[in-house]
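This report describes a single protein chain for a reader who is new to structural work. Please consult the sequence and the model while reading.

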Amino acid sequence: MIGYAAVTLTGIWDLGLVMAGLVFIWIPMHIWALTLHFKDDYNKVNVPMLTAVQSEKTSARVIAISTLVMVLFSVVPFFLTMQSGQPVMKEIYLYTAIASGVLMLLLSFWVIVKPTEKASWMLFKFSSPYLSVLFIALMVDSGFR
């Protein structure tokens, strides 16, 4: 966020906060997918994570809902504009956010259909690269302005 603001001299309060908000929204889905994978371990030590206090089905639904919110929020940067009226992000970021978001949604719905350790582990393993891909798309898109 600081690097982007230093290079562009704008955007710390709009794009920067939106991207920080995306990370904030991403964290619960990421952690819950991991805890669904290690549910038995959390139950053994009585750590009250969502997946330990709710059923797998309920946990999977909450994960999917939070994933949907995260994916919807990830396209917000495309709709931001600068003071001059020009868009902050262009199609590179939008298409990347949509493509990676569709994959995230498919993985989270797979967790609903089959709330297994394998499905939740796949969702967890893709969630970190998902966020990285969005930030790389942000940089690439900004570079073409």
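At 36% relative accessibility, Leu 68 counts as partly exposed, a class that lies between buried (under 20% relative accessible area) and exposed (over 50%), judged with a 1.4 Å probe and protein chains only. Leu 68 belongs to helix H5. Its C-alpha is 8.3 Å from that of Gly 101, although 33 residues separate Leu 68 and Gly 101 in sequence.

The model is predicted: local features require a pLDDT of at least 70, side-chain atom pairs count only at pLDDT 80 or more, and totals for chains, interfaces and linings use all residues. Residues are numbered from 1 along each chain as its sequence is written, and side-chain values use heavy atoms, with hydrogens and water left out. The quantity pLDDT is the predictor's confidence in each residue, from 0 to 100. Its average over the protein chain is 86, and 90% of the residues score at least 70.

**Overall architecture**

The C-alpha trace spans about 55 × 25 × 20 Å along its principal axes. Of the 145 residues, 38% are buried. Contact means heavy atoms within 4.5 Å. Among contacts with a separation of 6 or more, 66% join residues 24 or more positions apart.

**Helix H5 and its surroundings**

Helix H5 covers residues 56-74, which makes 19 residues. From first C-alpha to last, H5 reaches 26 Å, close to the 27 Å expected at 1.5 Å a residue, where the expected span is 1.5 Å times one less than the number of residues. Its buried residues include Ala 60, Ile 63, Ala 64, Thr 67 and Val 71. An α-helix has 3.6 residues a turn, so residues three or four places apart point the same way. The cover over the buried residues of H5 includes helices H2 (15-37), H4 (50-53), H6 (76-79), H7 (91-113) and H8.

Ser 108 is found in helix H7 and is buried. Leaving aside residues up to four places away in sequence, Ser 108 touches Ala 64, Thr 67 and Leu 123.

The structure holds one salt bridge, meaning a side-chain nitrogen of Lys or Arg within 4 Å of a carboxyl oxygen of Asp or Glu. Its partners are the side chains of Lys 39 and Glu 56, at 3.7 Å from N to O. Because Lys 39 lies in helix H3 and Glu 56 in helix H5, the pair ties together parts that are 17 residues apart in sequence.

**Accessibility of selected residues**

| Residue | Relative accessible area | Class |
|---|---|---|
| Ser 108 | 0% | buried |
| Glu 56 | 31% | partly exposed |
| Phe 144 | 64% | exposed |
| Asn 46 | 66% | exposed |

Asn 46 is found in the loop between helix H3 (39-44) and H4. Asn 46 has a positive phi of about 55 degrees although it is not a glycine.

Phe 144 lies in the segment after H8. Together with Ile 92, Ile 136, Met 139 and Val 140, Phe 144 makes a nonpolar surface patch of about 500 Å². Helix H8 (residues 117-143) supplies the largest share of the nonpolar patch, three residues. Patches are made of residues with over 30% relative accessible area and no salt bridge, with like charges joined within 9 Å and nonpolar side chains (Val, Leu, Ile, Met, Phe, Trp, Tyr) within 5 Å.

How values were computed: Areas by Shrake-Rupley, 256 points an atom, 1.4 Å probe, with all protein chains shown as cover. Helix = DSSP H or I, 4+ residues; strand = E, 2+ residues; numbered from the N terminus.
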